[in-house]
Amino acid sequence: MTATSPHRRRSTSLRQRISDVREQARQQAGLDYQLLRLIIFLLIGIGVVMVFSSSMATSLTEDGGVWNQALRQTGLVIFGLVAFWLGLKVSPHTLRKFIPWLLMLSILLLIAVLIPGIGTGRAEVGSQSWIYIGPISLQPSELARITVGMFGASVLADKQHQSLKLSDPFMMYSLIAGVMFLLIVGQGDLGMALSFATVVVFTLIFAGVNRRVPIVIGILCALGLLAVFFIGGFRSHRFHTYFDALLGNISDTEGTGFQSYQGFLSLADGGFWGVGLGQSRAKWFYLPEAKNDFIFAIVGEELGLWGGALVIFLFAALGYIGLRTATRAQNQYQSLLAATLTIGVVTQAFINISYVIGVLPVTGIQLPMISAGGTAAIITIGSMGILCNVARHEPMQISAMQNFGRPLFDRLFLIGEPQPPAAGKQKSRGRHSQPRHSRPREVSPRARDARYGRPVTGSRRRYPRAENRPWQ
């Protein structure tokens with residue numbers, strides 16, 4: 001008989017413990033809902049703190065006060081938390097009715113931003129992507145990126161891809177998404193266009209599209225990137241800077257490679273522990289867009305490697321828990337909704353982090369829930385509320401609330417108990433809510449009398465005297 005080594009026994013025991021912990025976590029009701037809230041609120045908190053730190057210099061010169069821009073961002077985050085609360089209050093079934101209207105609004109805004117005099121940003125950053133409403137900037141492409149995923153979840157749920165004709169829901173969705181993609185490309189915002197295309201492709205894959213469709217989309221995107229590289233301009237220069245950074249030598253550190261080079265210096269200065277919160281040197285006009293696109297470089301400089309790793313871990317955990325919520329959802333619509341909302345935020349985050357650390361070319365998209373921005377913060381945080389709402393509607397979570405009541409968070413913020421769709425439909429049908437086979441059979445008086453031995457004569461029942469009644 002072969003003896004088992006102590007090392008192998010310890011390894012087997014460790015694997016068994018990990019398996020037991022995973023199984024307990026899988027069976028614990030409400031865990032996804034709790035973890036999603038924790039991760040989202042941690043990211044929002046880190047974002048507010050880092051905007052206060054990274055916007056000091058630009059706020060002083062542009063607005064005349066050190067904290068003006070940070071306070072404005074805090075106000076937007078508060079509105080985003082209100083949108084988060086609304087996303088928890090509205091049931092996914094009710095939200096589904098408003099998705100077509102949100103899609104129409106997104107398309108209209110994408111068209112409006114291209115009209116001269118309405119859309120702005122072309123001269124400043126090279127893309128006409130913003131509409132200013134007073135002191136607030138609206139970026140229609142942010143709303144479109146969230147809405148197209150929600151629309152795909154609504155129209156592709158419980159559908160099968162059968163043909164490449166426009167009558168097929170998958171092809172109709174691809175056509176609408178393609179029009180929106182071209183409108184975003186027309187703004188000159190290549191980074192957001194790629195993020196938008198990523199959401200569309202993953203939505204199609206999750207819904208079960210034929211594999212040829214995402215392959216064709218991927219080939220078209222690759223050809224488009226090659227065209228951008230060879231056409232020239234500042235976007236082509238970003239590719240050249242990217243390849244130089246991969247080789248460890250940015251040739252034009254004072255011109256086209258200035259921003260990327262300064263971002264690398266910020267990360268290098270941070271080391272492992274960082275220079276300390278609020279002590280960044282790059283934010284004093286060395287690093288352009290320190291509070292927006294390159295805020296992760298400030299995180300790495302002030303909080304060091306552990307701070308950057310914490311942000312990456314939180315986004316990775318958001319992706320894992322969000323996709324696990326999709327697998328546990330009560331129907332395919334909610335499953336696709338959770339998956340697309342998760343992918344939309346997580347892919348944007350990793351694209352931003354990747355170009356800051358030099359893994360991808362600079363695209364100019366923000367770090368969600370952390371970068372300073374206009375309505376993008378409200379839209380992103382609100383979409384996370386919808387994701388948490390899907391987690392609330394997991395069958396295990398509904399069963400736990402019905403047995404043990406709502407969690408403290410829901411009671412404090414007046415969030416009602418989620419109801420299964422089947423229960424809602426039965427309630428709306430009134431007294432005929434139960435199927436016929438589950439309702440008590442209506443027995444005629446004659447049959448009831450015969451069942452209990454009561455003599456029946458004609459249509460008039462004659463009962464025996466009290467002392468002769470057998471059923472008493």
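A residue counts as partly exposed when its relative accessible area falls between the buried limit of under 20% and the exposed limit of over 50%. In this predicted model, tryptophan 67 has a relative accessible area of 41% and is therefore partly exposed. Phenylalanine 52, at 25%, is partly exposed as well. These two residues form a tilted aromatic pair, with 5.7 Å from centre to centre and 45 degrees between the planes. The pair links distant parts of the chain, 15 residues apart: phenylalanine 52 sits in helix α2, and tryptophan 67 in the loop between α3 (56-63) and α4.

A search of the whole structure gives eight aromatic pairs. In one of them, the ring centres of phenylalanine 41 and phenylalanine 84 are 5.4 Å apart and the planes meet at 55 degrees, so this pair is tilted. Because phenylalanine 41 belongs to helix α2 (residues 31-54) and phenylalanine 84 to helix α4 (residues 68-89), the contact ties together parts 43 residues apart in sequence. Phenylalanine 41 is partly exposed at 33% relative accessibility, whereas phenylalanine 84 is buried at 3%. Arginine 37, for its part, lies over the face of tyrosine 33, 4.4 Å from the ring centre.

Turning to the whole chain, the secondary structure comprises 19 helices and five strands, and 44% of the 472 residues are buried. The largest nonpolar core holds 95 residues, of which Phe315, Leu318, Leu337 and Met369 touch the most other members. Beyond four places away in sequence, the residues that methionine 369 touches include Ile40, Phe315, Leu318 and Met384. An unreviewed UniProt entry annotates residues 335-357 as one of the transmembrane regions; this span is 100% helix, with its end C-alpha atoms 33 Å apart.

Terms used: Residues are numbered from 1 along each chain as its sequence is written. This is a predicted model: local features need pLDDT of at least 70, side-chain atom pairs count only at pLDDT 80 or more; totals for chains, interfaces and linings use all residues. Side-chain values use heavy atoms; hydrogens and water are left out. A nonpolar core is a set of buried Ala, Val, Leu, Ile, Met, Phe, Trp, Tyr and Cys residues joined through side-chain atoms within 4.5 Å. Buried means under 20% relative accessible area, exposed over 50%, partly exposed in between (1.4 Å probe, protein chains only). Contact means heavy atoms within 4.5 Å. Helices (H or I, at least four residues) and strands (E, at least two) are DSSP runs, numbered from the N terminus. UniProt positions are given in the numbering used here, feature names are shortened, and annotations may be inferred rather than shown by experiment. Rings of Phe, Tyr and Trp (its six-membered ring) pair if their centres lie within 6.5 Å; planes under 30 degrees apart count as stacked, over 60 as edge-to-face and the rest as tilted. A charge sits over a ring if NZ of Lys or CZ of Arg is within 6 Å of the ring centre and within 35 degrees of the ring normal.
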